[in-house]
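Work through the exercises below with the sequence and the 3D view side by side, and try each task before reading its solution.

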Amino acid sequence: MNDTITKLINEQINAELYSAYLYLAFADYYEEEGLSGYANYFEIQAAEERDHALIFRNYLHENGERVHLASIAQPDVSFSSFLEPLEKALEHERYVTSLINGIYDAANEARDYRTMNFLNWFVDEQLEEEDNADTMVTRMKLFGSDAKALYDLDNECAARVYTTPSPLAGE
């Protein structure tokens with residue numbers, strides 16, 4: 001693995017851990033606002049992002065590369081509506097997709113087919129992440145101003161359960 005790809009993957013580990021930190025901040029906001037279902041949703045998102053970091057970490061180790069953990073930036077978050085964290089989540093997922101695409105481009109340029117193959121799971125995962133985030137935004141826009149509908153959405157989010165990502169589960 002060339003130095004550029006190793007560096008980009010180390011940076012991605014930090015980005016994934018920041019994502020977990022960011023989503024915990026969203027969970028805290030919703031918990032403090034009385035929407036514990038949305039808090040649950042983002043706690044699970046945080047766990048997924050942490051696991052994504054572990055998948056990248058494991059990949060570096062499997063390839064004999066060193067992991068360099070960097071400081072995780074504090075999320076700058078304050079919200080004036082229930083919609084704002086959802087919109088920020090969608091924006092953030094699009095940003096993460098751009099980072100994955102950047103690593104993929106570098107791997108393609110280096111003809112690092114193993115890394116390209118490894119990244120295919122993340123390309124698919126980001127499609128799902130963006131779709132889920134977009135759905136959350138759309139549903140809040142459509143139903144969030146109705147107390148009963150918001151209650152139902154919160155209950156739906158409360159029912160979400162964590163599943164280990166397949167690369168960590170060995171599937």
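Predicted model: local features only at pLDDT ≥ 70, side-chain atom pairs only at ≥ 80, totals over all residues.

**Exercise 1. Helix α2 and helix α4**

Task: Determine how α2 and α4 are oriented to each other, and describe the contact of α2 with α4 by class.

Solution. Begin by locating the two elements, helix α2 at residues 36-62 and helix α4 at residues 113-143, whose axes come within 12 Å and cross at roughly 170°. Angles over 145 degrees count as roughly antiparallel, and α2 and α4 are therefore roughly antiparallel to each other. Next, look at the residues that make the contact, which on α2 include Tyr38, Tyr41, Glu48 and Phe56, and on α4 include Phe118, Trp121, Phe122 and Met136. Sorted by class, the contact of α2 with α4 has 11 nonpolar, four polar and five charged residues.

**Exercise 2. The nonpolar cores**

Task: Find which residues of the largest nonpolar core touch the most other members, and which helix gives the most to this core.

Solution. The largest nonpolar core has 25 residues, and those that touch the most other members are Tyr23, Phe26, Tyr30, Tyr38, Phe42 and Leu86. The next step is to ask where the members come from: α1, α2, α3 (83-109), α4 and α5 (147-158) each supply at least two residues of this core, and α1 gives the most, with seven residues. Take Phe26 as an example; when its neighbours within four places in sequence are left aside, Phe26 is in contact with Phe42, Val77, Phe79, Pro85, Lys88 and Ala89. Apart from this core lies another one, of 18 residues, with Ala53, Tyr59, Ala106 and Phe118 among them.

**Exercise 3. Salt bridges**

Task: State how many salt bridges the structure holds, and then examine the pairs of Glu11, Glu48 and Glu156.

Solution. The structure holds five salt bridges. In one of them the side chains of Glu11 and Lys7 meet at 2.6 Å, N to O; being four residues apart in helix α1, Glu11 and Lys7 are separated by about one helical turn. Glu11 counts as partly exposed, at 40% relative accessibility.

Turn next to Glu48 and Arg160, whose side chains meet in a salt bridge of 3.1 Å, N to O. Glu48 lies in helix α2 and Arg160 in the loop between α5 and α6 (166-169), so the pair ties together parts that are 112 residues apart in sequence. Glu48 is buried, with a relative accessible area of 12%.

Finally, the side chains of Glu156 and Arg139 meet in a salt bridge of 2.5 Å, N to O, and this pair links distant parts of the chain, with Glu156 in helix α5 and Arg139 in helix α4, 17 residues apart. Glu156 is partly exposed, with a relative accessible area of 45%, and Arg139 is partly exposed at 28%.

Methods:
Residues numbered from 1 in each chain as written. Heavy atoms only, no water. Axes fitted to C-alpha atoms, helices over the stretch in contact; angles between N-to-C directions. Parallel < 35°, antiparallel > 145°, perpendicular 65-115°, else oblique. Contact = heavy atoms within 4.5 Å. Nonpolar A, V, L, I, M, F, W, Y, C, P; charged D, E, K, R; others polar. Core = buried A, V, L, I, M, F, W, Y, C linked by side-chain atoms within 4.5 Å. Buried < 20%, exposed > 50% of the residue type's maximum accessible area, 1.4 Å probe, protein only. Salt bridge = Lys/Arg side-chain N within 4 Å of Asp/Glu carboxyl O.
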